[in-house]
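Here are my notes on the model you asked me to look over. Have it open alongside while you read.

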Amino acid sequence: MITFSLNGNDLSVDADPAMPLLWVIRDIVQLQGTKFGCGQGLCGACTVHLDGIAIRSCITPVSEAKGKQVTTIEGLQGNTETDEHPVQQAWIKNNVPQCGYCQPGQIMSASALLAKNTSPTDDDITQAMSGNICRCGTYPKIRQAIHDAAKHLASPASSNVSTVPLTANFQSDLSS
Amino acid sequence: MNTTTSRRNFLKAAGLTGTGLAFSLPLSGCASNSPHHSHNSWHANAWLELTPDNRILFYLHRTEMGQGTMTGLTTLIAEELEVEAHHIEVKTSGVHTDYVNPLYGIQITGGSSSTATNWIPLRTVAATAREMLRKAAAKRWNVKPEAVLIRSGKAHYQKYSFTYGELVDIAKDLSVPSVTLKTPDQFQKIGKPSIRLDTPMKTKGTARFGIDSAPKGCLKASVVRCPVIGGTVKSWDANGAFDMPGVKKIVAIPNGVAVIAISWWQAKEAAKKLTIEWDKPKFSKFSDASILEGYRNALKNNSGKTARDDGNTDSAFEAAQQVIEAEYRVPYLAHATMEPMNCSVVLNSDHCEVWAPTQGPDIAAAAAEHASGLRRSQITINTTLIGGGFGRRLNQDFVEEAVHIAKESGLPIQLIWSREDDIKNDFYRPAAVAQLKGSLNAQGQVDALYYKSASPNIMPYTFKEASAVVLPAWLPDGMVKAVGSLGPTVYGDLLLDETSVEGASDSLYEIENFAVRHVQYDPGLRVGFWRSVGHSYNGFFIESFIDELAHASTRDAYQFRLELLKNNAKMTQVLSTVADKGHWGKPSQGNTPNPRFQGIAVHHSFKSYVALLAEISIHNNSVKVHKITCAVHCGQTINPDIVKAQMSGGIIFGLTQALKGKISIKDGEVQETNFHNYELLRMNEVPEIEVHIIPSSDAPTGVGEPAVPVVAPAIANAIFAATGKRLRSLPLTLNS
Ligand code: FES
Ligand code: FES
């Protein structure tokens, strides 16, 4: 049994200690927001936070999470439907995703960056985000959204990032 | 009610007869015509369902893969139905003949066609429903329909109003009226930016892709395939893989051995233990050098098929002042969608249910039918969101594999490919070699252009999978009869495959003597549709060579193109827009010591017109792209923000092709395996990108693909301006 905290809940899993955290999250816990892209630490699709640091869960054995806090895309937002993390709000306002497959990983990398650097320069952003591939090429919007989120974190009141998105009540059978 | 009559009336009213959009629109209020059934609801047609409790359901018949079709098509409905797009529930349509793509005759999402082919039909179905609601309200109030105002999801008369839900019961028995569509000045939603409908779910991690769509209880499968695509299993030994944790079953399928376990990681780990002996295909005799030699021999020994023959190039070359010749090349390329191929299958003796991230659900159904041995009526295909398509998911090999595994094992399974599986088992963008020859007259004007290329045709591979769906209706005009029952060899030996020469054969340059020929040469690596298809390399060939001719004539490369396109207003407009906005002739200084240089290119594809200006510098013999200025003429935009995102994404896709993309072959085996040796552009390499949309109210044209073809030539032309070196093969590297 390996015990760690996942999105604020304590969890014990019966898994091979060498099993990558990604597959524990996807196949055992069955939280599927975290994506598989390469399995080799090359694309960032599987990025989650381990004690607040962005890591590649596809090459991190679950044993390394023992006793630590793991946060996935599902754990980033607050408890209510409209309580998105400022990074998610900025993502929505900027219409960042195309296919969307890389986006949970992008958002986890961006939120880890902003947690330690609230006013990142373009170079800081490039540095923090170049491990995350987006085949659809949403990079320019990702950069803009990170700047917007930083502005919001600096002065929440003056920024309109927190407007509840118009599409919050949109329904589709393509979403869980 | 006579449904046949009303359908015909409807088509006539909608102006759809005789426009080439000959497909059936079952638009009566009779639910029996709809592929979806539910009690009480009004199925206005195959796309729209209105319920008494005031829900509006849109059955989306195209796949959302990032291109924005969910938002775009829903906006068309919202505009004419007078509701907000996000109040419409979007459901996946499933497979049905009503949903066939009129350009191809099968239900595919591809060819940058979704907006263009739905522009009239979807607005018409929504406008028809709106008018029927108006009539229903008029009936309830006993007033004339003209007195009823339809606005914000309700019917209004004086101080009274009905929701659409309250009118469903009456509306569904009314006859289908003829309708007039809104004119562009009446649009309230079309042409305005809005939040994409799929943005929140894709931001919160709740969007369900194929990989997230396995039903409960599915086991996970990983397949070991022959290192050379097309090989089959001669013998295999489990070597203790059975005893690995989590493993449930190991089965052989036609192209490999599948390990089935509780977790995909367990399946993958156990699969490493297998030893398999393969029967390798002929292609295992080929490597990069022998493939190139094959192309060159094919060009030398075959005259090929004529795709264009204007004037007389031979005599023009004889009389010419100056003749220039060059050979251009591009390699095979993989799609590398971020979501690897995957497919879930639950199969029993009389039903096969499939969950697949596919661009062609009816081809997937045919593949499942073939692999399961069941009848088409026993197959259900659930289309999911797609983590990137770019043409890869028009091929259904992954569906066929998954059904084979389910059948051999008797278990419900989800097959997931590793990244290595994905890169090594693609349907690749064809490699191509082209010979170009051009001549200039005494005034430095182009007299003649001759293009001859060799490449494998895509159609034989597509044909193999798609013909089972509907032979032969999907084939391009005029070829239908010729193909008949001859099968896949037809495109190899008898017919020209237009996708091999597109972008050259239909080039808009006004050159009096212009010939295009193609030689089919296929060493045996399977090929498929890759974002912008033939344009992806013919844009590079033609636009680089035109630049060579411009330089030979010592004229300005931009003016030279303008003159050759002077009668084409749209091409001229996009060209002059990038020249103006990108400051042609005046590259910016930048804050680095290395001077900057510009290159320009223009191309027409998927009915859109695109020009691009690239600004680069050279650092230590490598190319740095600083800025891209792009202009597109794509008719009316539905959502300009999505159009810009598609253009910008296409440019980044094109940058990867220009600077990095290459699949290499050794003894038939693809050498690239993962993102360390098949690199994709990352954020640190992305230049500043500016996209200008030419305002227009013409019918919309494609935006998903047309940005790709112009990128590589614009950069190659800039490299020539910087170094005097003409790079004629991709990817562009200065050291070669
Ligand atoms: S899946 Fe982990 S980095 Fe690519
Ligand atoms: S949005 Fe498609 S890979 Fe990033």
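This is a predicted model: local features need pLDDT of at least 70, side-chain atom pairs count only at pLDDT 80 or more; totals for chains, interfaces and linings use all residues.

The points below go from ground rules to the chain interface, the domains and the salt bridges.

1. Ground rules first. Residues are numbered from 1 along each chain as its sequence is written, chains are lettered from A and ligands numbered from 1 in the order in which they are written, and side-chain values use heavy atoms, with hydrogens and water left out.

2. How many residues does the contact take from chain B and from chain A? It takes 70 from chain B and 61 from chain A, where contact means heavy atoms within 4.5 Å. About 5,700 Å² is buried between the two chains, 60% of it on carbon and sulfur atoms; buried area here is the accessible area (1.4 Å probe) that two parts lose on being put together, summed over both.

3. One to click on is K204(B) with E84(A), with closest N and O atoms 3.0 Å apart.

4. On the side of chain B that touches chain A, β4 (88-92), α5 (199-204), α6 (264-271), α11 (419-424) and α19 (640-659) each supply at least two residues. The largest share, 8 residues, comes from α19(B). Helices (H or I, at least four residues) and strands (E, at least two) are DSSP runs, numbered from the N terminus.

5. Chain B is divided into domain 1 (23-99 + 108-207), domain 2 (210-281 + 342-416) and domain 3 (290-332 + 430-723), with bounds from an automatic or database domain assignment. The centres of domains 1 and 2 of chain B, over C-alpha atoms, are 37 Å apart. Between these two, 11 residues of domain 1 are in contact with 15 of domain 2, and about 1,000 Å² is buried, 67% of it on carbon and sulfur atoms. In domain 1, M65(B), V95(B) and I108(B) lose the most area to domain 2, together 47% of what that side buries. The salt-bridge count here is 0.

6. Over all chains, the structure holds 43 salt bridges. E80(B) pairs with R130(B) at 2.7 Å between the closest N and O atoms. E80(B) is in α2 (residues 69-81) and R130(B) in α3 (residues 114-141), so the pair ties together parts 50 residues apart in sequence. E80(B) is buried at 0% relative accessible area, and R130(B) is buried at 8%. Buried means under 20%, exposed over 50%, partly exposed in between (1.4 Å probe, protein chains only). Both residues belong to a salt-bridge network that includes R123(B), E131(B) and R134(B).

7. Check D547(B) as well. D547(B) forms a salt bridge with R561(B), closest N and O atoms 3.1 Å apart, and another with R726(B) at 3.2 Å, N to O. D547(B) lies in helix α16 and R726(B) in the segment after α20 (708-723), so that pair ties together parts 179 residues apart in sequence. Both D547(B) and R726(B) are buried.

Technical notes
A salt bridge is a side-chain nitrogen of Lys or Arg within 4 Å of a carboxyl oxygen of Asp or Glu.
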